[in-house]
Amino acid sequence: MQKQFKQREEFNKAFEIESNESFDNIEPYKAELEYLMILEEIEEYREAAKNGDKIEVLDAIADIGYLWFGMIKKHGLKQKHVELLLDEVHKSNMTKLHNGKVVKNAAGKVIKPETFTPPDIKRILHIIDQDELIDKIGL
């Protein structure tokens, strides 16, 4: 993932796209642009998958990933924080098992058991805030 972070930093710099150094929200109109761009790529993926077009599926997957890295940079997230966030979501997703078994509805969506534990995003935000404070005061 480090290589992709560096590539996106290179792109943002070359195309004069902001990259924040610390985590924060971005202006609503910038968030709307991010939403529209990723939505366009998701629609392209949907169409390509429906048509069985492997090249366009790969293209859409790559573009979605590239846009995702762009969002990460715009919001000022660091690689270690993204990894913590994804680890937390994975841990939560694994609690969707019902006694070690997968249960799905008729559409194929996994059904959450009563023992499901949502991801503790607040804990990750606290870690991000602590790390940024440490960086700010130079410890």
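Start with a term: buried means under 20% relative accessible area, exposed means over 50%, and partly exposed is in between, using a 1.4 Å probe and protein chains only. Now apply that. Asn-99 comes out at 82% relative accessibility, so it counts as exposed. Asn-99 sits in the loop between helix 4 (79-94) and helix 5 (121-137).

Two housekeeping sentences. This is a predicted model, where local features need pLDDT of at least 70, side-chain atom pairs count only at pLDDT 80 or more, and totals for chains, interfaces and linings use all residues. Residues are numbered from 1 along each chain as its sequence is written, and side-chain values use heavy atoms, with hydrogens and water left out.

Back to Asn-99. Its phi is positive, about 50°, although Asn-99 is not a glycine. Most residues other than glycine have a negative phi. Glu-16 also has a positive phi, about 55°, and is not a glycine either. Glu-16 lies in the loop between helix 1 and helix 2. With a relative accessible area of 76%, Glu-16 is exposed.

Now the whole chain. How many helices and strands are there? The chain has 5 helices and 0 strands. Helices here are DSSP runs of H or I with at least four residues, strands are runs of E with at least two, and both are numbered from the N terminus. The C-alpha trace spans about 50 × 40 × 30 Å along its principal axes. Buried residues are 20% of the 139.

Next, packing. Two packed helices are described by the angle between their axes and the distance between the axes. Axes are lines fitted to C-alpha atoms, for helices over the stretch in contact, and angles run from 0 to 180 degrees between N-to-C directions.

Take helix 2 (residues 28-51) and helix 3 (residues 54-74). Their axes come within 8 Å and cross at roughly 160°. Helix 2 and helix 3 are therefore roughly antiparallel. The cut-offs: under 35 degrees is roughly parallel, over 145 roughly antiparallel, 65 to 115 roughly perpendicular, and the rest oblique. Contact means heavy atoms within 4.5 Å. Among the contact residues are Met-37, Ile-38 and Tyr-45 of helix 2, and Ile-61, Ile-64 and Leu-67 of helix 3. By class, this contact has 12 nonpolar, no polar and 7 charged residues. Ala, Val, Leu, Ile, Met, Phe, Trp, Tyr, Cys and Pro count as nonpolar, Asp, Glu, Lys and Arg as charged, and the others, Gly among them, as polar.

Now helix 1 against helix 3. The axes come within 10 Å and cross at roughly 75°. That makes helix 1 roughly perpendicular to helix 3. The contact includes Phe-5, Arg-8 and Asn-12 of helix 1, and Phe-69 and Lys-73 of helix 3. Its residues divide into 6 nonpolar, 4 polar and 3 charged.

Is Asn-12 buried or exposed? At 1% relative accessibility, Asn-12 is buried. Leaving aside neighbours within four places in sequence, Asn-12 is in contact with Ile-17, Glu-18, Ser-19 and Lys-73. Phe-69 is buried too, with a relative accessible area of 11%. With that same exclusion, Phe-69 is in contact with Met-1, Gln-4, Phe-5 and Arg-8.
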